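Here are my notes for a colleague who is new to reading structures. Please keep the model open beside them and follow each point in turn.

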Amino acid sequence: MSNSNTASLDTKPLDRILASMPDAGPNDLVPILQQVQKAYGYLPKPILMAVSDRTGIPASRIYGVATFYEQFHLVPHGRHTVRCCRGTACHVKGGPNIIKAIKQNLGVEPNETTEDMRYTFETVACLGTCFLAPVMMVNNDYYGHLNARKIKSILERYT
Ligand code: FES
């Protein structure tokens, strides 16, 4: 996999990013990946391989950083991230019904993105706001004391 296949991807954004950081090294990986994600919406594999080729930073190191931080996505990500809690406090207050309602409304399973790239749905072990159980987040907004009937109108706010 040394010759990265970037044929289907526009490498101009990457050219610009690396041109702005001519001495980029391993310590610059987080800002490089942040800019790549901003430009492409996620971290496409061929682009990461090109980063490795051009900077000399080993691909294993790049993948290590890309998978360590939650902010980075290795697959295309929706414009909005819906995170629903599957933790115990939420579970006993009806969390599974909330997860079911989100799945029904979006037509996707956890860790999937809707075809129109509008939403990515994730479940998490705890959102740290158990007093709001059952709770979900859309991007940075918290929605607590949920019931399944509220889900549709909440999701529709995010276009
Ligand atoms: S268990 Fe759901 S927010 Fe903590």
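1. Met136 stands opposite Tyr143 in strand β5, and this pair belongs to the 3 bridges that join β4 (136–138) to β5 (141–143), two strands that run antiparallel. Strands here are DSSP runs of E with at least two residues, helices are DSSP runs of H or I with at least four, and both are numbered from the N terminus; two strands are said to pair if DSSP finds at least two bridges between them. Leaving aside residues up to four places away in sequence, Met136 touches Val82, Arg83, Cys84, Cys85, Ile98, Tyr143 and Leu146, where a contact is a pair of residues whose C-beta atoms, placed from the backbone, lie within 7 Å.

2. Before going further, please note that this is a predicted model, in which local features need pLDDT of at least 70, side-chain atom pairs count only at pLDDT 80 or more, and totals for chains, interfaces and linings use all residues. Residues are numbered from 1 along each chain as its sequence is written.

3. In what order do the strands of the sheet lie? The sheet is open and has 5 strands in the order β2-β3-β1-β4-β5, with mixed pairing. Its edge strands are β2 and β5, each of which pairs on one side only. Helix α6 (residues 95–106) packs on this sheet and touches β1, β3 and β4, and its direction makes about 155 degrees with that of β1; such angles run from 0 to 180 degrees between N-to-C directions, with axes fitted as lines to C-alpha atoms, for helices over the stretch in contact.

4. The pairings can be followed strand by strand. Strand β1 (residues 80–85) runs parallel to β3, to which 6 bridges join it; Cys84 stands opposite Thr123, and Cys85 stands opposite Val124. Strand β1 is also joined to β4 by 3 bridges, and these two run antiparallel, with Val82 opposite Val138. Strand β2 (residues 112–113) pairs with β3 in the antiparallel sense over 2 bridges, and the partner of Glu112 in β3 is Phe121. Together β2 and β3 form a hairpin with 5 residues between them, and Met117 in the turn has a positive phi of about 65 degrees.

5. Which residues have the most contacts inside the largest nonpolar core? They are Val82, Cys84, Cys85, Ile98, Ile102, Val135 and Met136, in a core of 17 residues. At least two residues of this core come from each of β1, α6, β3 and α7, and α6 gives the most, with 4 residues. Apart from it lies another core, of 13 residues, among them Ile17, Leu33, Val36 and Leu43. A nonpolar core is a set of buried Ala, Val, Leu, Ile, Met, Phe, Trp, Tyr and Cys residues joined through C-beta atoms within 7 Å; a residue is buried if 20 or more other C-beta atoms lie within 10 Å of its own, exposed if 12 or fewer, and partly exposed in between, with C-beta atoms placed from the backbone.

6. Some backbone details deserve a careful look. Most residues other than glycine have a negative phi, and most peptide bonds are trans. The peptide bond from Ala133 to Pro134, however, is cis, with omega near -10 degrees, and Pro134 is found in the loop between β3 (119–124) and β4. Asn139, in the loop between β4 and β5, has a positive phi of about 55 degrees although it is not a glycine; this residue is exposed, with 10 other C-beta atoms within 10 Å. His145, in the loop between β5 and α7 (151–156), is likewise not a glycine and has a positive phi of about 50 degrees, and it counts as exposed because it has 11 C-beta neighbours inside 10 Å.

7. Finally, the chain as a whole. There are 7 helices and 5 strands, which follow one another along the sequence as α-α-α-α-β-α-α-β-β-β-β-α. The domain assignment gives domain 1 (12–68) and domain 2 (80–156), with bounds that come from an automatic or database assignment, and 31 Å separate the domain centres, taken over C-alpha atoms. Buried residues make up 24% of the 159 residues. Among contacts with a separation of 6 or more, 61% are between residues 24 or more positions apart.

Notes. Contact = placed C-beta atoms within 7 Å.
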